[in-house]
Amino acid sequence: MMYSELDVWKASRDLVKQIYIISEGFPKNELYGLVNQIRRCSISVPSNIAEGCGRRSSKDTLQFLYISRGSLYELETQIYLALDLGFMNQDEFDTIQNSITKCKKLLNGFINYYKTKS
């Protein structure tokens, strides 16, 4: 199966889109601060899933899936900070948080699949 057919990859792509749309409303002086960090972090999720799927061994694939999962936790912290700083409202936060939770569940399932495969 190609990585682009995976539900977890598709969901994480959607998460990136949501992050880009919401972070457009962040203060312009945060462009090289939290905006840059939050976007790079979100991009890391589908990118590492894709890279992991391109690896030759299950061990290598798992390593990139773990990196992707770490990026989800990092992103979650960053959206909490954005909420605390008033850069997003509660509804925007809830939407992103729900997407992160969905990605975590899908990614954990994919990781467990790979663990049993190897």
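Predicted model: local features only at pLDDT ≥ 70, side-chain atom pairs only at ≥ 80, totals over all residues.
Q: With which residue does E76 form a salt bridge?

A: Side chains of opposite charge can pair when their charged atoms come close. The term salt bridge denotes a side-chain nitrogen of Lys or Arg within 4 Å of a carboxyl oxygen of Asp or Glu. Here the partner of E76 is K104, and the closest N and O atoms are 2.8 Å apart. K104 lies in helix α4 (residues 90-117) and E76 in helix α3 (residues 58-84), so the pair ties together parts that are 28 residues apart in sequence. Helices are DSSP runs (H or I, at least four residues), and they are numbered from the N terminus, as are strands (E, at least two). K104 is likewise buried, with a relative accessibility of 13%.

Q: How many salt bridges does the structure hold?

A: The structure holds three. In one of them, E24 pairs with R39, with 3.1 Å between the closest N and O atoms. E24 lies in the loop between α1 (7-23) and α2 (31-53), and R39 lies in helix α2, so this pair ties together parts that are 15 residues apart in sequence. E24 is partly exposed, at 49% relative accessible area, whereas R39 is buried, at 14%. A further salt bridge joins the side chains of E51 and R55 at 2.7 Å, N to O. E51 is partly exposed, with a relative accessible area of 35%, and R55 also counts as partly exposed, at 36%.

Q: Where is G54 found, and is G54 buried or exposed?

A: G54 is found in the loop between α2 and α3. Its relative accessible area is 62%, and G54 is exposed. G54 and F64 are 10 residues apart in sequence, and their C-alpha atoms are 10.0 Å apart in space.

Q: At what angle do α3 and α4 pack?

A: Two packed helices are described by the angle between their axes and the distance between the axes. For α3 and α4 the angle is about 165° and the axes are 10 Å apart. That makes α3 roughly antiparallel to α4; angles over 145 degrees count as roughly antiparallel, under 35 as roughly parallel, 65 to 115 as roughly perpendicular and the rest as oblique. The contact of α3 with α4 comprises 17 nonpolar, six polar and four charged residues.

Q: How do α2 and α3 cross?

A: Their axes come within 8 Å and cross at roughly 160°. The two helices, α2 and α3, are therefore roughly antiparallel to each other.

Q: What span should the 27 residues of α3 have?

A: At 1.5 Å a residue, α3 should span 39 Å, and its end C-alpha atoms are 39 Å apart, which agrees. Just after α3, G86 takes a positive phi of about 80°.

Notes
Residues numbered from 1 in each chain as written. Heavy atoms only, no water. Buried < 20%, exposed > 50% of the residue type's maximum accessible area, 1.4 Å probe, protein only. Axes fitted to C-alpha atoms, helices over the stretch in contact; angles between N-to-C directions. Nonpolar A, V, L, I, M, F, W, Y, C, P; charged D, E, K, R; others polar. Expected span 1.5 Å × (residues − 1).
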